[in-house]
Amino acid sequence: MKIARLATVGSAIALTAGVVFGVLHAQPETSTYLVHSTDVAVASNAVEKLGGTVLSRMTAVGVVGASLTDDQVQQLRSVPGVRVSENTAVGPLSKKSVAGSGTETSAPYSTWSGASEVHAQGITGNGVTVAFVDTGLWNKYSNQLNVIAEIDTVGDTNPGQPGGNDKHGHGTHVMLTALNSEQDESSVTRGIAPGAGLVSVKAFDGNGEGTYLDVIEGINWVIENKDTLNIRVLNLSFGAPPQSFYWEDPLNRAVMSAWASGIVVVVSAGNQGPSAFSIGVPANVPYVISVGAASNNLTSADYSDDFLTSFSSAGPTFEAFVKPELLAPGDRIAAPSFPGGELAKRHRDDRIDGNEYSISGTSQAAAITTGIAALLLEAKPHLSPDDVKCQLLNGSRALLDAEGQTLYTALQQGAGMINAALALASEAGNCANIGLDVNADLSGDSHFRGPVTEAEDGSLVITGPNGEVSDNPAFSWDGTYTYSQGYTWGGGAGNSLWSEGYTWGGGVGSNLSNQGYTWGGGTGTSLWSQGYTWGGGSGTKLWSQGYTWGGGTGNTRLLTNEAITSESPRN
């Protein structure tokens, strides 16, 4: 017994010593980060040199996912030409719909957007592939749509593998909004581009959650496979609060890389309106087409009560760019969704019939715009992304009042309501992204700011390159959201918000909606001509009128712009 007791005591001593030794030599905790550079090899080598673990290499966008300790992160941040960002969480945001003043249950968006008129010309998006980075596609529709590929990028070490059944519902809803080939009771095709091919990239799980890494891996996969699959359009129906200049955000850099590679990128403007500066990431990228949401008030036969939804995010961006570029139907959009998913559970009251739900948000508006871009590219396959953006803007028409005056400023409605037929008829060129250079932006050689500044009275004003100020009220905004009855969509040729391809006649080539101004600054450099400076930290005041910078390291939450309150106009 004594021997046994001594053995037990000895074992206890050895165990205690082992625990102490283990505590003293415990491995530091690691977290997943995004390390980005102009060359993915530079980022990878920097991580491995410090003993970090590379989880994912995204060559097309210059980003690696890496497992790093806090000490390694601090060391990496001192490496020239390398930036480190937290792997931000992703999750959905939704609200219940409410009754409108009209009698319809949903908006006939194919007719309202002019897509059905283009279908009558035999143009359905045939031969064009569009990609959606979202929650995946419900497998019920995998054989009903023209699915080219389904990829899953959820997980830190998953750069893309076959699969991607939608267990949430958001992805299925926006994809069917764009591509549904079913017809309504009037024999009108419900989707916008029913002939287009589909690539579904699942970057969000069944709860609608994922990370920056999941999304960037999806974008990287799309770029690497664009030529093989003829991917011409990329839809991104999600957003997050900005935390840095647009060119420093790794997700934005991936989006810019997609645009530079020849892909038209369509992004939901966000559901954080109606306040100014509510445009999020990646809609704040100046190159892409950022889309706000309009409502027909459930009276499709009457355009006089159409309005801009108050949830639709408004510009400018923090770098002074005009956003959104345009509006599309985004209120009570009817499309199928996965009935067992989170989206359907939150919208039981919005179920129309079977698997169909009437849902609102800039996600749906972006999907409709994505479909129209596909129609345009079938008819004009030679168009570049800048050309597509130009002709979509040129074919849009402002929401006007009964006297023909613009109802909302360009910082709320951009060029106005999208129209597929007018865009198809457009021959406009060189009217989008003038003065910008996406490749110089990515390389760090140049960065850009937009044409918005603050007037002496505190209003936001869009100016020409030499500081010219138009007397058009659409180019000035006091930041308030207003609505009254009697407003109509100006569908005629003379109702363009901008003249001559969205260039203002105040100076030759002075494009107000897209003119870029080179950014020459670093920390503390004036962002606005009046001397507003970039503070960068959480709560830092950026504007004298009280607009604040809401970001701070690690505070961003990426949100799928899925289901915002439907509403009647405000009187």
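How much accessible surface does the protein chain have, and what percentage of it belongs to carbon and sulfur atoms? The total comes to about 20,900 Å², with 48% belonging to carbon and sulfur atoms. Those areas come from the Shrake-Rupley method with a 1.4 Å probe, and for residues only the protein chains shown count as cover.

What you're looking at is a predicted model, where local features need pLDDT of at least 70, side-chain atom pairs count only at pLDDT 80 or more, and totals for chains, interfaces and linings use all residues. Residues are numbered from 1 along each chain as its sequence is written, and side-chain values use heavy atoms, with hydrogens and water left out.

The protein chain has 14 helices and 27 strands (DSSP runs numbered from the N terminus: H or I with at least four residues for helices, E with at least two for strands). Of its 571 residues, 60% count as buried; buried means under 20% relative accessible area, exposed is over 50%, and partly exposed sits in between (1.4 Å probe, protein chains only).

Now for contacts, meaning heavy atoms within 4.5 Å. Among those in the protein chain with a separation of 6 or more, 78% link residues 24 or more positions apart.

## The nonpolar core

The largest nonpolar core holds 110 residues. Such a core is a set of buried Ala, Val, Leu, Ile, Met, Phe, Trp, Tyr and Cys residues joined through side-chain atoms within 4.5 Å. Helix H10 (residues 362-379) supplies the largest share of this core, 10 residues.

Ile219 and Leu234 have the most contacts inside the core. Leaving out residues up to four places away in sequence, Ile219 touches Val133, Leu234, Leu236, Leu251, Ala254, Val255 and Ala258.

## A sheet with a helix across it

Four strands make an open antiparallel sheet in the order S2-S3-S1-S4. (Two strands pair if DSSP finds at least two bridges between them.) At the edges are S2 (53-58) and S4 (83-86), each pairing on one side only. The twist averages 30° from one strand to the next.

Inside this sheet, S1 (residues 31-36) and S3 (residues 63-68) pair over 6 bridges in the antiparallel sense, with valine 35 opposite valine 64 in S3. Helix H7 (residues 212-229) lies across S1, S2 and S3, at about 40° to S2. That angle is between N-to-C directions, on a scale from 0 to 180 degrees, using lines fitted to C-alpha atoms (for helices, over the stretch in contact).
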